Amino acid sequence: MLSLGSGGAKSTKPSFVSYVTPEEIKSEKDPPKKEKLPDLLPGEVEFCSANPILKYTQDDLSQRGVFGTLFCTNFRVTFISDETPQEKKAKTFKNKLYGENDIPLVCVDHIYGVYDEKRKLITGGLVKNKYPSKMIIHCKDLRVFQFCLRFTKEEDAKKIFQGIAHHCLEEKSLKCVFAFSYMGTPSPGTDLSFCREMQRKQETIMFDSPEDWTQEMKRTKANCRLVIENKNFELSQRLPKYFVIPLAIGDLFSYQGKGLPIWCWSHYSGCALFKASFPPVTQEDGDFQKHLETMINAVAHNYLYSVKTEDLSESLPNIQDIQQSYNKFKQFFLIENSTDFWLSDVKWFSSLESSGWLDIIRQCLQKAVEVVECLEKDNTNVLITEEEGTDLCYVISSLAQIMLDPYYRTLMGFQSLVQKEWVAGCHAFLDRCNHLHQKDKECHSPVFLLFLECVWQLVQQHSPAFQFSETYLTVLSDSVHVPIFSTFLFNSAHHRESVMKAESPLAQSGPLSCPTVWDWSVQFDSKAQNFFYNPLYSEKVKHEKAVRKPHKPKHQRQLSLPSTAFKTPLKKGFFKDETDSLKKMLRVKRLSRWMGSPDSPAATTREFYESWQHRPVDYHGLLLPCLDGPAVRVWMQRYLRWIPEMYILGGGSVAMTTKLMELLSQVQDLKRVLEQRDTSQAAKIDHHPYLQHRLLSFGSSGRLSSSFPFAYTRNRSFKPIIPTGLMQSLMVTDSLASQEDEASSVASFV
Amino acid sequence: ILDPQTADHLHFTRKASARTKYNHIYSKPPIEKVSERKRFMQYSALPGSAGGVSGMAKDVTYICPFIGPVRGSLTVTNYRLFFRCTDREPVFGLDLPLGALSRVEKIGAATSRGDVSYGLVCKDMRNLRFVHKEPEDSLKKSVFEVLIKFAFPVSNNMSLFAFEYKQVFPENGWKVYDPLAEYKRQGLPNESWRISKVNDHYELCDSYPAALFVPVTITDEELRRVFSFRAKGRIPVLSWIHPESQAAVVRASQPMVGQNGRRCKEDEKLLQAIMDANAQSHKLFIFDARPSVNAAANKMKGGGYESEDAYQNAELVFLDIHNIHVMRESLRKLKEVVYPNIEESHWLSNLESTHWLEHIKLILAGALRIADKVESGKTSVVVHCSDGWDRTPQLTSLALIMLDSHYRTIRGFQILLEKEWLSFGHRFQQRVGHGDRNHTDADRSPIFLQFIDCVWQMTRQFPAAFEFNEYFLITILDHLYSCLFGTFLCNSEQQRLKEEVPKRTVSLWSFVNSQLEEFVNPLYVHYPSHVLFPTVGIRHLQLWVTYYIRWNPRMRPQEPVHQRYKELLAKRAELQKRVEELQREAANRTASSSSERAGSPTRSITPVQTFV
């Protein structure tokens, strides 16, 4: 679609060369001496370029480099080497939109300039002065590029530096984001109806129609009400187009929908998880407080008159804390040279701890487990709240749903979950990801990344429970910074809709749609997409039709009373009493603590985890993470993939995955043979894409590096990486160090 | 002597206890079959536990750091301690070989109720605490006094349990290592290297093996002079030779240079000969495992390192690895951090403060440099530390694992341990302190544990390169302390022969090789002549949670990859069987009615056979 196929070659304008396969380019324009041009995407425009620029190669211990041309376009910064590429390596995992020497503009995190051996962070002011001799670009996907500008003409160097700095660092309007140029150039041969057709065929549920929501309610047996009154955003622009609320809510329109409990998911027992935006309750605003009480009552009404509320803004770090912590954390992976690497290796654990990032991950998972415990063990409705209700609420609610519902652990299920909670739910992606380089730092925060990090922890602890792989998560986290997908470009459903409508050149044909990130074929061919599937996934036995746990018969539901909170016999008028006491509690304690649980949450969840751990593992049932110190780890693939010192040649998890895939495809082949033979057996075997395409094409796994499929070692020499400066690392200062080897004379040697 | 039925039963007990250890001796998960659990919970003696039970007490309370006090009965034999809880469901058991005890002590005085508290410090990273009512009759021995007696047999002039253990295994593990066969595998002797019988009766060096490989150009007479120049007579001898480049890994102890810079002509000649034996390189690298400061300090005691004047063409490199005392202290700190509970908020900085992984990094980095010189530089290397029996085997054996895929197989690894560690005299008795009550002995140090940890780190980085699994490594460590097998007893080959260890005890490899399937890594791919260069950055090193924190029930190991792989293997076998059955059926059918259509389905199946 969108001319990414070979159809793009038909383009008549030479300046808009659409993407073609590398082999075709080679044959098209060959003279190697001539300045090479980047293969522009449809709608991509070149701003400036400079030659020769030296790009330092990273996987070389000496600071050598490659000469080439540096370009800046409206999509990316790109470097094209002067050297004719050696034999084309068949890259199994290639992004169609950008290559290893391309940096999408919104992916640029920081630019440093080296002026007289001094490294300075480039901000608006510095750009106007002189240009640096060396430019270092830190990317949001943790790549580091170093370009030497000394060899090119002064004016060219100045132009390219200023151009890159301007386009990457200056605040810009949404319209300047490449997605709008990209989709504004429909390439010949691709018509839009076809695109939409494709989208409908996807299995990812977009949650942009009442049917999707009804379906989801049916799937989880929710007994709630679908609100369609916000279809044209009359109710609120911050609320989703369609959403679901408890049945007991009558009044929708007060306070612009603020405080409305929005349904997330229903447990099979009947209790459900809700989220809401609650501004801090002020003493004066009595009316609004009453409104909130009504809302909480409505949630309680959902099932057995029990509810637990949790104000996440009080118990979890706020978005600025998250941003700060991540800023510290990512520094450990943005490594410019080998010396830095080995120096920082020494204090690795304590630096990691001081960033607090892993601790934030732990806190989020912990909170999600608390929510899960309420739903699963106590069968209590849960209402999580937050001032905006669109950040940590989503982290916690999505995590809880992944732990409880195996459907969300499939690839399509997971995408639907992100769609349901984050995209349709109006997470402010544009502000949080800072695609526009706004000066206002308050609203930037890697909340979505935090969610992916938490999911990764679950994946690494319980790999067989997930259909998708860690590579999938890594790619998804990268895709946030590829400014093409409608998924991550807007602050809310209303925002998306209004911008798309306004931008549509053909008003009569309805709003234009740019691809969603779930349209993976935009970035990867089907072979590369195979890496998204986890070969360890233990599939559910086929003949079981129900995706979820067997449901308890209805009559039993009435008998199973919640074990904590509002435990009262069902009698007439009971609810009124409860509301009174609830009101009292609200006044005294506001909405903060868990109600009615005396123990510390950490202790009770620990118990909950242990009792779960003692049961045999059911990968299609409840899933809980271990949260002890050693169990929460760094997402190695995402953070270490570009650091050559970290490559394990011939090792890493690739070695394992390859073997598994190999075996899996053999099993699948055998199955197919049997299927052909066995005519009586009508059972369908569902074929995963990775089973149809044999993945074994990447040859002997013995020589792949651990960073596969991301970085490739160009350095074929197969040399070990030997650390430098070892002695200074070890701070053994006590007398033990010299005990065996005679202490008397040590002083003179120290 | 044993009737087969008993032997079978005992075999089960042994297996069960081994498995429990792996899964943490803890309340058994309910997956386990009840019948099995019952059988496990019945105490049964090993062959050799003379008379079985030696001490027994009911009403002992075990203060479990994870689930609180548990009451039960405590049984002590000459091999193990066995606690069985009586008041808890699911049943809870604790089965500990006495060899793993490092210290047993009474904590405080008896309470008013006559309760006495005992603390047991174990070598396998845990501490146990029991509370027991003191017997009123002061003449009657408490079960803990029995425990102290059997826990430290060497201090009580008794023999270790390994000498009583009489289990018979189908394979004799003492035959695993045949030095001549192993050197022959490496292509030795050859035109440059010969075997020397100079130490045949251990007269020149009692901590070296009898069979030594030296350059052909050096006579035995010259060797004798070198013996007096190297610390403890541990002269430079060959450990391994590269099959193509002929670059050799040679091990030794420090030269006795002293403050005056003594020289030894024969030693210089020997190193020159080692270099000359490898035509590919005109250089020799000497790796001194110590920090240079310590190496220099050793000159005061008559030791030191090779000077560049005396050894031209040789380059000396210090690897900065610390001594046994530093390592012991580091492990002690690590135990404090991981047992019993992990402090969540400071976990990482606490881990860093133990320096344990930093030491691991230095050792791996040293081995990596050695392997790199041999493989990429095609240069021969000499490795030594002070005495050449602690840091030296760590380095040489790790380098050998990197260089030679044979040592990554189960049997190859056994050979490596037998060769580099046991025959070359790593002082297991002293470093572990088998049956010795002196827990403060400064000679104790977790050098071997550290080596196994390094191997584990490599298995993590290369999940398909090793034939053995993690359980194999843990089993080796458990039996390093258990004193059930003779393998890790004594300090040297000479001592083991004197004590007739191979005759009087069972080898650990008898046990291991009789049930290999438990120790096999299903992901293993054999790549011959495939060199492994691990990454030694601390970012890639992990704390070996499933060993160091295995007693914590929350850290229950999960090996989904291996499980899943085994599942798939089983599935493939099953499907293959079905395909073959169908094939046979079809073949029969076509045979019976041969006139039927030619495009028989049998043909479409043939490609399957390639998978077999």
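Guide: Let's start with a rule: rings of Phe, Tyr and Trp form an aromatic pair if their centres lie within 6.5 Å. The structure above is a predicted model, and a search of the whole of it finds 75 aromatic pairs over all chains.

Visitor: Why is the pair of A:Trp520 and A:Phe532 called edge-to-face?

Guide: The ring centres of A:Trp520 and A:Phe532 are 5.0 Å apart, with 70° between the planes. Planes over 60 degrees apart count as edge-to-face, so that is the name for this pair.

Visitor: What makes this pair a tie between parts of chain A?

Guide: A:Trp520 lies in the loop between α18 (493-503) and α19 (526-529), while A:Phe532 lies in the loop between α19 and α20 (554-559), so the pair ties together parts that are 12 residues apart in sequence.

Visitor: How do you know whether A:Trp520 is buried or exposed? And what about A:Phe532, buried or exposed?

Guide: Buried means under 20% relative accessible area. A:Trp520 has 5%, so it counts as buried. A:Phe532 has 2%, so this residue is buried too.

Visitor: Over in chain B, why is the pair of B:Trp421 and B:Phe428 called tilted?

Guide: Here the planes are 50° apart, with 6.5 Å from centre to centre. Stacked needs under 30 degrees and edge-to-face needs over 60, so an angle of 50° falls to the remaining class, tilted. B:Trp421 counts as buried at 0% relative accessibility, and B:Phe428 is buried with a relative accessible area of 0%.

Visitor: What makes you say that a charge sits over the ring of A:Tyr112?

Guide: The charged end of A:Arg119 is 3.9 Å from the centre of that ring. The distance limit is 6 Å, and the charge must also be within 35 degrees of the ring normal. The charged end of A:Arg219 likewise sits over the ring of A:Tyr408, 5.2 Å from its centre.

Visitor: Now for salt bridges: how many are there over all chains?

Guide: The count comes to 51 salt bridges over all chains.

Visitor: What makes the salt bridge of A:Arg641 and A:Asp478 a tie between parts of chain A?

Guide: These side chains meet at 2.8 Å, N to O. A:Arg641 sits in the loop between α23 (636-640) and α24 (653-677), and A:Asp478 in helix α17 (residues 470-479), so the parts tied together are 163 residues apart in sequence. A:Arg641 counts as buried at 2% relative accessibility, and A:Asp478 is buried at 6%.

Visitor: What makes A:Glu216, A:Arg219, A:Asp405 and A:Lys420 one network?

Guide: Salt bridges that share partners join these four residues.

Visitor: How do you know that A:Lys172 has no salt bridge?

Guide: The nearest side chain of opposite charge, that of A:Glu170, is 11 Å away. A salt bridge needs a nitrogen and an oxygen within 4 Å, so A:Lys172, although buried, has none. A polar atom of the A:Lys172 side chain does lie 3.5 Å from the backbone oxygen of A:His167.

Visitor: To finish, why is B:Glu308 called exposed?

Guide: Exposed means over 50% relative accessible area, and B:Glu308 has 54%, so this residue counts as exposed. B:Glu308 lies in the loop between α7 (292-297) and β13 (314-318) of chain B. For chain B as a whole, buried residues make up 62% of the 612 residues.

How values were computed. Residues numbered from 1 in each chain as written. Chains lettered and ligands numbered in written order. Predicted model: local features only at pLDDT ≥ 70, side-chain atom pairs only at ≥ 80, totals over all residues. Heavy atoms only, no water. Phe/Tyr/Trp six-rings, centres within 6.5 Å; stacked < 30°, edge-to-face > 60°. Helix = DSSP H or I, 4+ residues; strand = E, 2+ residues; numbered from the N terminus. Buried < 20%, exposed > 50% of the residue type's maximum accessible area, 1.4 Å probe, protein only. Lys, Arg positive; Asp, Glu negative; His and termini not counted. Polar contact = N/O pair within 3.5 Å; in protein donor to acceptor, adjacent residues only side chain to side chain.
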